[in-house]
Amino acid sequence: MLFLFFLYKNQTKLEKLNLTLFEYGLDLPVHEREVQSIAECLPFDPQFPVSWLNVDGSHQAEILEEIGNQLDIHPLILEDILDPGQRPKLDVLDHYIFIEINMLLWNQDHARIEAEQVSMLLGKNYLVTFQ
């Protein structure tokens, strides 16, 4: 997946990256924590039946590549996540489902509706969201 880094290296935004991990199960309370790196949360902790990693500020190719390597995400899916101009879509793959949608937001300062891309990887016992 090295080509992904080179493809988007010049387009990488230097926005603050926030990683939030939610872990929970039927009889377990929700465990929420901010993590500083992908290595802190992947692979997911098997003591929690469900893990949700929210990546806010997903236009950093190095971080996306690290997630892709850990979860075996196809390079073309990673490209779609990095490209904010993608149309909404749903791809069902062998071990995960990829969903890309536009989230609508009201911009009070400009009195208009704006769209933000949200990408989701739904696998067995995990969800990873990118915005």
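This report covers local features of a predicted model.

## Helix α3

Helix α3 spans residues 75-82. Six of its eight residues are buried, so the helix is largely enclosed by the rest of the structure. The buried set is Ile77, Leu78, Glu79, Asp80, Ile81 and Leu82.

Asp80 has a relative accessible area of 11%. The cut-off for buried is under 20%, so Asp80 qualifies. Asp80 also has a salt-bridge partner, Lys89.

Gln86 sits in the loop that runs from α3 to β4 (89-92). Its side chain makes a polar contact with the side chain of Asp83, at 3.0 Å.

Which residues does Gln86 contact, leaving aside its neighbours within four places in sequence? They are Asp80, Glu100, Asn102 and Gln117. Ser119 lies 33 residues from Gln86 in sequence. In space, the C-alpha atoms of Gln86 and Ser119 are 9.9 Å apart.

## Salt bridges

How many salt bridges does the structure hold? It holds four. Among them is the pair Lys89 and Asp80, with the closest N and O atoms 2.5 Å apart. Asp80 is buried, whereas Lys89 is partly exposed, with a relative accessible area of 29%.

Lys89 also pairs with Asp91. Here the closest N and O atoms are 3.8 Å apart. Asp91 is partly exposed at 25% relative accessibility.

Another salt bridge joins Arg112 to Glu114, with the closest N and O atoms 3.0 Å apart. Both partners are partly exposed: Arg112 has a relative accessible area of 43%, and Glu114 has 28%. Elsewhere, shared partners link Asp80, Lys89 and Asp91 into one network of salt bridges.

## Backbone features

Where does Pro43 lie? Pro43 is in the loop between β2 (28-35) and β3 (50-56). The peptide bond leading from Leu42 to Pro43 is cis, with omega near 0°.

Asp72 is not a glycine, yet it has a positive phi of about 55°. This residue belongs to the loop between α2 (61-71) and α3. Is Asp72 buried or exposed? Asp72 is exposed, with a relative accessible area of 52%. The cut-off for exposed is over 50%, so Asp72 passes it.

Ala111 is another non-glycine residue with a positive phi, here about 50°. Ala111 is found in the loop between β5 (96-107) and β6 (112-123). Ala111 is exposed, and its relative accessible area is 52%.

## A nonpolar surface patch

Which residues make the nonpolar surface patch of about 390 Å²? They are Leu104, Trp106 and Ile113. Trp106 is part of strand β5. Its relative accessible area is 51%, so Trp106 counts as exposed. The boundaries of β5 and β6 are 96-107 and 112-123, with Ala111 in the loop between them.

Key:
Residues numbered from 1 in each chain as written. Predicted model: local features only at pLDDT ≥ 70, side-chain atom pairs only at ≥ 80, totals over all residues. Heavy atoms only, no water. Helix = DSSP H or I, 4+ residues; strand = E, 2+ residues; numbered from the N terminus. Contact = heavy atoms within 4.5 Å. Polar contact = N/O pair within 3.5 Å; in protein donor to acceptor, adjacent residues only side chain to side chain. Buried < 20%, exposed > 50% of the residue type's maximum accessible area, 1.4 Å probe, protein only. Patch = residues over 30% accessible without salt bridge, like charges linked within 9 Å, V, L, I, M, F, W, Y side chains within 5 Å. Areas by Shrake-Rupley, 256 points an atom, 1.4 Å probe, with all protein chains shown as cover. Salt bridge = Lys/Arg side-chain N within 4 Å of Asp/Glu carboxyl O.
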